[in-house]
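Here is a friendly walk through one structure, chain by chain and contact by contact. Have a look at it first, then read on.

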Amino acid sequence: MKIILSVIAISLLVTGCATAAMQTDTGKMLVARLEEDFSSKGPATMERMLNQDEVQKLCSAYPLEMSDEQMETLQASQLKTVKYPADGNYLGEWKEGEKIAQNGRGMQSSDQVKGTNGGNCYACHQLAKEEISFGNIGPSLYRYGKLKGDGEAVVKYTWAKIYNSQAFTTCSNMPRFGHSEILTEKQIKDVMALLFDKNSPVNQ
Amino acid sequence: MFDSDKKGVQVMDQGRRNALRMVSALGLVCAGSLLGPIRALAGEWQANSFEAKGLANALKELGVDSYTMSSEVSVISAEIAENGAVVPVSVGSAIPNTEYMAILIEKNPNPLSVAFNIPEGTEAAFTTRVKMGETSNILALVKANGKWFAASKEVKVTLGGCGG
Amino acid sequence: MKLIASIFTALITMTPLQGVAGSSSTDEIAKYRQLLADGNPAELWEMRGEELWKKKLGPQSVSLEQCDLGKGSGVVKGAYVELPRYFKDVNKVMDLEQRLIHCRITLQKLTPEQAVAVPFGSTSNPSDIEALVAYITAASRGMKIAVSTTHPKEQAAYELGKRFFFYRAGAHDFACATCHSKDKQRIRLQELPNLLNRTDAQNTYSTWPAYRVSQGEVRSMQHRLSDCMRQQRFPEPRYASDTITALIMFMAKNAEGGIYDAPALKR
Amino acid sequence: MAEPMRIRAKLNGDTVEVKVLIRHDMETGKRKDPSGKVIPPHFIKTLIAKCKEKTVLDTVMGISVSKDPFLSFKFKGGALGDKVTVTWVDNTDDTRTDEATIS
């Protein structure tokens with residue numbers, strides 16, 4: 001059950017024995033409160049906050065408990081959302097990809113509507129070795145292409161993982177960059193090149 | 001929390017960096033140098049030395065022809081500064097008769113940051129905080145017995161991360 | 001002097017950072033913070049806050065000195081470590097900032113607009129609220145965080161805050177929990193407290209508000225969480241809203257027993 | 001108008017350690033506000049500390065000293081109960097003097 005959030009020091013959380021009915025009430029109260037207390041600003045809209053999709057709804061449960069079957073169903077439905085590049089080209093420019101990986105702007109209330117979003121990959125992943133300021137929420141992707149090769153299967157998988165990570169890991173922490181329209185197809189190609197291009201700093 | 005991007009933080013710092021650049025671009029590094037070096041006396045603010053562009057010019061304006069790196073001069077800071085706007089620096093000199101100390105940030109367009117004239121009875125040791133536009137050496141410059149000494153330390157300026 | 005020189009010698013012999021990541025970087029950042037710990041500009045906000053607390057304001061020229069922050073009229077010492085709490089006079093749970101606004105309206109007769117004016121200051125436009133918050137929170141230094149959830153409304157606020165903590169939404173599918181429910185996680189080089197872990201929760205909650213060197217201002221808990229919302233790709237919360245107070249309640253309860261030590265100094 | 005400084009002066013043996021915190025923007029003069037207007041320079045140029053009329057610190061500063069400056073230094077010759085006064089002057093000729101008692 002890798003998807004169950006690590007339950008640490010739970011004793012301090014109220015005993016966790018709230019009934020389903022109470023939870024529903026709290027959930028309803030929460031949505032009502034959010035509606036009253038928040039307002040849309042820039043690209044951060046109320047609509048995207050209040051109208052949770054299936055993934056968001058299921059993944060807000062705490063503790064998270066899903067049967068293997070439920071997880072598989074959810075992953076399958078998410079995999080269906082993945083759009084592969086129409087021209088069959090998966091790799092763009094790694095230099096652009098590096099810029100996208102460094103850039104964490106976009107979709108915040110302080111950002112411009114329809115501005116160019118970043119991928120913010122370094123926030124969670126190690127990529128190029130030169131960049132020492134990287135996070136550890138996701139696995140290290142240093143030498144990703146070198147280690148995984150560039151076979152069709154791994155390239156397609158990686159595309160889909162960036163496009164919609166929920167297709168492979170239920171309640172993954174990673175944003176669904178393609179599905180949620182954070183990055184464009186071209187941008188995903190550039191990030192793919194950062195991962196796979198043999199000249200990319202990631203593979204040195 | 002997710003404000004870990006470089007770009008975002010750079011936006012904030014960019015203004016200052018441009019600022020520093022503009023000061024130098026405007027050529028405020030002025031005619032003073034033609035009149036020969038003027039020593040910055042503390043208590044008397046010298047535009048020539050504070051507005052000098054680049055380390056060599058700043059040193060020239062301070063009247064430093066040459067200096068010796070000395071293990072008796074110290075610069076203490078962190079290897080990494082979380083934010084270039086506030087970099088803690090302690091400078092000290094164990095050289096007898098230290099009469100003057102200055103802190104210069106090598107890569108800042110205007111390197112001279114602060115200078116101390118040291119009256120008798122005051123220790124040649126100061127702690128303050130400086131702004132750094134980018135990763136750079138911090139130079140502690142000391143004048144004692146009419147000679148110049150220095151020590152330097154590199155501080156890396158990182159950007160990004162969440163608010164803690 | 002000798003000592004300084006020897007420290008310096010020690011420093012220059014340390015291995016350069018080049019190419020090193022992870023723990024040595026975080027150690028150096030810890031050192032950076034430690035070097036800044038002495039001489040926190042937040043003290044300047046505390047001084048101004050104390051003046052503002054005692055300053056007669058409003059149409060009837062009244063100070064805030066009679067404001068009841070939960071421990072009785074005018075009691076500042078120890079008030080913050082018990083907030084948020086249920087207030088009978090308004091029949092609701094309030095955090096410090098909500099209560100301050102309440103006092104500015106009821107005691108000083110400021111209009112609601114005047115009472116919440118400039119919640120977050122800037123260089124040319126300082127915030128009275130941030131200064132007051134600095135003064136009031138400083139009066140709880142060294143005391144144990146001890147919020148109550150015995151009143152049903154306190155319990156409800158806690159539950160609401162908890163629910164919100166795990167609520168995933170927005171363009172990035174983020175919840176607070178995405179980054180703050182596991183130990184030893186980092187965004188870039190920034191360590192992320194696990195707010196479900198008592199020690200992390202205590203260390204975090206006990207060090208807000210803080211003077212933020214990146215902003216040159218003392219920032220309150222409401223500000224901190226508003227900024228989390230922004231980074232979480234959520235819409236903008238109204239200042240001093242009940243949702244944020246509920247989240248503060250959840251965090252404060254998780255931090256119970258921690259020794260309060262703020263206003264602190266942060267990135 | 002300038003806000004008060006926070007000054008601490010502590011005697012350790014024969015040495016007085018002074019720590020000064022100053023509320024000052026230390027504007028570089030080239031930053032822009034959100035509307036794109038240049039924020040004028042505003043920074044402290046000189047700072048002098050005295051104890052019993054004797055200058056114990058004499059400092060000149062540039063725009064690269066951090067906002068809300070902090071400064072600490074040590075001097076000999078101060079006694080318990082003596083006053084340390086600190087005066088700064090900025091580029092707009094605004095000035096402020098505060099004092100602390102050595103403890």
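## Where chain C meets chain D

Let's start with 14 residues of chain C, which are in contact with 15 residues of chain D (contact means heavy atoms within 4.5 Å). Keep in mind that this is a predicted model, where local features need pLDDT of at least 70 and side-chain atom pairs count only at pLDDT 80 or more, while totals for chains, interfaces and linings use all residues. Residues are numbered from 1 along each chain as its sequence is written, chains are lettered from A and ligands numbered from 1 in the order in which they are written, and side-chain values use heavy atoms, leaving out hydrogens and water.

The size of an interface is often given as the accessible area lost when the parts come together. Chains C and D bury about 1,200 Å² between them, with 55% of it on carbon and sulfur atoms (buried area is the accessible area, with a 1.4 Å probe, that two parts lose on being put together, summed over both). Three salt bridges run between chain C and chain D (a side-chain nitrogen of Lys or Arg within 4 Å of a carboxyl oxygen of Asp or Glu). One of them joins Glu43(C) and Arg8(D), at 3.1 Å from N to O. On the chain C side, helix H3 (residues 42-54) gives the largest share, six residues (helices, H or I of at least four residues, and strands, E of at least two, are DSSP runs numbered from the N terminus).

## Where chain C meets chain A

Over here, 52 residues of chain C are in contact with 59 residues of chain A. The two chains bury about 5,100 Å² between them, 55% of it on carbon and sulfur atoms.

There are five salt bridges between chain C and chain A. Arg176(A) and Asp173(C) pair up at 2.6 Å, N to O. Helix H7(C) provides the largest share of the chain C side, seven residues.

## A salt-bridge network

Which residues are linked in a network of salt bridges? They are Arg33(A), Glu36(A), Asp37(A), Lys92(C), Arg238(C) and Asp242(C). Within it, the side chains of Asp242(C) and Arg33(A) meet at 3.7 Å, N to O. That pair crosses between chains, from helix H11 of chain C to helix H1 (residues 20-37) of chain A. Asp242(C) counts as partly exposed, at 22% relative accessibility (buried means under 20% relative accessible area, exposed over 50%, partly exposed in between, with a 1.4 Å probe and protein chains only).

## Salt bridges inside chain C

Asp128(C) and Arg48(C) form a salt bridge too, at 3.2 Å from N to O. Asp128(C) sits in helix H6 (residues 128-138) and Arg48(C) in helix H3, so the pair ties together parts that are 80 residues apart in sequence. Asp128(C) is partly exposed at 26%, whereas Arg48(C) is buried at 15%.

Arg224(C) and Asp227(C) make another salt bridge, at 4.0 Å, N to O. They are three residues apart in helix H10 of chain C, so about one helical turn separates them.

## One side of helix H9

Helix H9 of chain C (residues 198-205) has these buried residues: Ala201(C), Gln202(C), Thr204(C) and Tyr205(C). Why are they on the same side of H9(C)? Because they cover an arc of only 165° around the axis (the arc of the directions from the helix axis to the C-beta atoms). Their cover includes helix H10 (221-231) and helix H11 (242-254) of chain C.
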